Amino acid sequence: MTGEKEKKVVKTIRIDIDKCNGCRACEVICSAFHAEPKYSSNNPARARIRVIREPYKDQYVPVYAGDYTPAECAGRDKYTIDGKEYDECAFCRASCPSRDEFKEPDSGLPLKCDMCEGEDEPLCVKWCLSDALVLEQREEEVAEEEEQEELEVGLESLADKYGLDKLKDTLARMSKSKKG
Amino acid sequence: MRYAETGVNLEIDLTRGNIERVQTDPKDTELYLGGLGTNAKILWDRVPPEVEAFSPENLLIFGAGLLCGTQATGCNRTIVTTISPQTKLMAFSMMGGFWAPELKYAGYDKVILRGKSPNLVYLWIHNDKVEIRDASHLQGKGSNETAQIIRQELNQPKAQVVSIGLAGENRVYYASIEQGRSSASRGGIGAVMGDKNVKAIVVRGTGDINVAHPVEYLEQCNEVLEYIKWREDNPIPGVIPILSVLGSPQEMAIHDEKWHTENFVWGNARVRRRDFWTEEVAKDWHDTLESARTRMISCHNCPMKCGATLTLPGLPTYMMKCFSKLTYTMAAFSNLQFGLTIAQKATEYGLDGYSTPQVMAFALELYENGILTDDDLPGLPEDNEERFFYLLDLIVNRQGIGDQLANGTYWAAKEIGNGAEEYAHNCIKKHEQLPLKLGMLNPIYFLMYCTGEKMNVTQIEGQFPQAPFPKREHREKFVKDWFQVPHDKFKQYFLDWELRGENSMPYYPTVEMTCDIVDWMERMHYIDDALGICAGVSSFHLKPPYHIHNFPKFITYGAGIEMDEAKLTKATKRYRTLVRAINIRRGMRRKDDAPPADHWKKRFPELEAELLDTYYEMKGWNKEGIPTLASLYDLGLDYVGEDFLERGILTNGEDAPAEEAPAGKE
């Protein structure tokens, strides 16, 4: 790290849960965008945004996948907003052992929102005609920081799941068999 | 690799508790598309006309539309197909919601139920894991209640549930299958589910649905979405509010009910109240809806907000859409508060919002006219509204006279006798219809009511304006950006359509034009029903985002089946004809293609006969409404032709109508 300041565009998605109509178009288009090849498949279980829904309690909270965490919170809080009780997790962005959200359904690897890199705006925003999701951009001076690479996050989660030694062994075995 | 569809049906034999995954033939997709089309093929192949609704051999098919689970906006419909206990014909009621896409993500295009479970069960489909589970603890529970209990006990908050209430369990002929914010209500399919002893089907899927040409497909989806946005900002002028904007009729959003309350009829489809909508009523109903409604809600991947979450004092929260808002209110000559309150109970019971209020109003009419007496209705409350709650319980529990009423007005009247039949006056093919009684015959609607085997006019109409615009300049403006028409002649039909004079109803649109218009309308609905697209963003509407010109692209790019307009038109005609054939084989004939006798005051028998003759001919049906051998062969439905010959429905000398098939008789 150099510690120098640089200009960075900060993207904020304003989420208005009062406007969410619970349709999950955001999940659908997110999963399509991140498919390989792009748009070739749909699967909301791979989406990096989730609408945490409790229709009979009239709760709809769109949440974006944030960082991976190896351990769940020690305690859980409850929030009451406008007379409705929400689980703290309903607002949490973490890919966490306590729940299925933000994990690849096959591998269990964590998912993280990348704001649809390369697009004018995240596609969830574009596809939300209810304006529950609205993009805001501003410039900010920030200290340069190396971002943790996707690979590293993935490896870390595997290490947490299987132990570092097992992971090392497996990697060694894999590289051996590839060479062979 | 299969695109858009999974290529796998889940076959469940409830009698033996056997579960099988069956690969489907891609050729069938090409010929019948999916959803309704392939449902119809299965029903034809496996449910002969001797099989009755409540026979173990009857199938109950839950089919996801071909494109459900892809990015296509508003594509989320489950098409439920079986034999109806009420009409004894093919029922294909449908619902939106979230269930069909979830089924696709779980890896299946359809769930096909056969046989009868010895005790009440529910099905739990979690990707590859499929279980038949005991549901004895859910007996008598409400449909929403059931869904919530199951989600909790499986610890699967994301599971999608279709379920029946007590009405389905007790085989009420107009029981629905509920899905929280949506329901498949017509034709008594909930009763068939109850007869099979299945309380619910629960699905959770986390697999992929692939599309064949990703970039091109997305482009089509984006265009549709852009157009929806444009339509939102540019409502169609000169038509009633619910037709000017997209969506299922926006009953949950609008407060102004002048048009419905003064044009539709009240009670047992009888009384028109032309001056009903006063300022006082408007304010009262406005306040009711505002205080009950907590949120406007949507189905899977659709920006239209056609549903609402409703919470009434002291009652569990429920969800509603569309016209159930008014049906109970109007049947009981009551107010909106009553309507929304009783609808909560009816939704938990799992009942069709069209038939149920009408049956209750029918019962009260019989009582007022001495055909039903205090002996039939012991303890009938004095209060009008309470009477409806009383009847609702009687019907759902099949208690006393409720046992007859639970079969609908047609069958109840037959059993009650003593002149009751005259009061069962609002049916088509034994199924209660929207309460509308009008003046002069409308040729377009005449044909739709007669031949619409979907039993519900909103699932038949659309595309073409319901009435002429008074001024030619408005008509010219309307046709300017009307690119959805399959042919430019439709623009001319509309341009020349006048309110009065030579070019007015009933003789204009001419017989040929009327047939063209109705055929187009019906085709668009049938395409939707195969692909799983909601009529609210498609066939029900004027100038919808989906139309005959972009549908082939959706199928080509999405499902990877090369399609063009001609091929799609023919495929649609194929499975539409198959639906007809299933019903013909069950005894349906021209005499059944009739609107309620009192639907219009002024009738034109000669014109009506000509309309039917011409339309039948255009469809490839003979004078009895039976598909001809020539048209069957042309569509590749040779197997139907052979079956008709074998059964004597057709004879080889071509199409002399033989005696009616004996099956499905009253």
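**View 1. Pro37(A) in the loop between H1 and S2 of chain A.** In this predicted model, local features need pLDDT of at least 70 and side-chain atom pairs count only at pLDDT 80 or more, while totals for chains, interfaces and linings use all residues. Residues are numbered from 1 along each chain as its sequence is written, and chains are lettered from A and ligands numbered from 1 in the order in which they are written. The peptide bond from Glu36(A) to Pro37(A) is cis, and its omega is near -10°. Element names refer to DSSP runs numbered from the N terminus, with helices being H or I of at least four residues and strands being E of at least two.

**View 2. The fold of chain A.** Chain A has four helices and seven strands, in the sequence pattern β-α-β-β-β-β-β-α-β-α-α. Its C-alpha trace spans about 60 × 40 × 35 Å along the principal axes. Of its 180 residues, 29% count as buried (20 or more other C-beta atoms within 10 Å of the residue's own; exposed means 12 or fewer, partly exposed lies in between, and C-beta atoms are placed from the backbone). Among the contacts in chain A with a separation of 6 or more, 64% are between residues 24 or more positions apart; a contact requires C-beta atoms, placed from the backbone, within 7 Å.

**View 3. The two domains of chain A.** Domain 1 covers 7-139 and domain 2 covers 149-180, with bounds from an automatic or database domain assignment. Their C-alpha centres lie 28 Å apart. Four residues from domain 1 of chain A and five residues from domain 2 of chain A make the contact. On the domain 1 side the residues are four nonpolar, no polar and no charged (nonpolar: Ala, Val, Leu, Ile, Met, Phe, Trp, Tyr, Cys and Pro; charged: Asp, Glu, Lys and Arg; polar: the others, Gly among them).

**View 4. The interface of chain A with chain B.** Contacts link 23 residues of chain A to 34 residues of chain B. On the chain A side, helix H1 (25-33) and strand S2 (41-42) are the elements that give two or more residues. H1(A) supplies the largest share, four residues. By class, this side of chain A has 13 nonpolar, seven polar and three charged residues. S2(A) is joined to strand S13 (residues 209-210) of chain B by two bridges, and the two strands run antiparallel. Opposite Asn42(A) stands Ile209(B) in S13(B).

**View 5. The six-stranded open sheet of chain B.** The strand order is S2-S1-S6-S3-S4-S5, with mixed pairing; two strands pair if DSSP finds at least two bridges between them. Strand S2 (18-23) and strand S5 (90-95) of chain B are the edge strands, each pairing on one side only. Neighbouring strands are turned by 15° against each other on average, direction ignored. Axes are lines fitted to C-alpha atoms, for helices over the stretch in contact, and angles run from 0 to 180 degrees between N-to-C directions. Strand S1 (residues 8-13) of chain B runs antiparallel to S2(B), to which six bridges join it. Ile12(B) has Ile19(B) in S2(B) as its bridge partner. Helix H3 (residues 99-106) of chain B lies across strand S3 (60-64), strand S4 (78-83) and strand S6 (110-114), at about 85° to S3(B).

**View 6. The largest nonpolar core.** A nonpolar core is a set of buried Ala, Val, Leu, Ile, Met, Phe, Trp, Tyr and Cys residues joined through C-beta atoms within 7 Å. This core has 229 residues, and those that touch the most other members are Cys26(A), Ile29(A), Cys124(A), Tyr122(B), Val172(B), Ile201(B) and Val202(B). Helix H20 (residues 511-531) of chain B gives the most to this core, eleven residues. Neighbours within four places in sequence aside, the contacts of Val202(B) include Tyr122(B), Trp124(B), Ile150(B) and Val161(B).

**View 7. Backbone exceptions in chain B.** Most residues other than glycine have a negative phi, and most peptide bonds are trans. Asn127(B) has a positive phi, near 50°, and sits in the loop between strand S7 (121-126) and strand S8 (129-134). Asn127(B) counts as partly exposed because 16 C-beta neighbours lie inside 10 Å. Asn197(B), with phi near 65°, is in the loop between helix H6 (189-195) and strand S12 (198-204). A cis peptide bond joins Tyr508(B) and Pro509(B), with omega about -5°. Pro509(B) lies in the loop between helix H19 (489-495) and H20 of chain B.

Technical notes: Contact = placed C-beta atoms within 7 Å.
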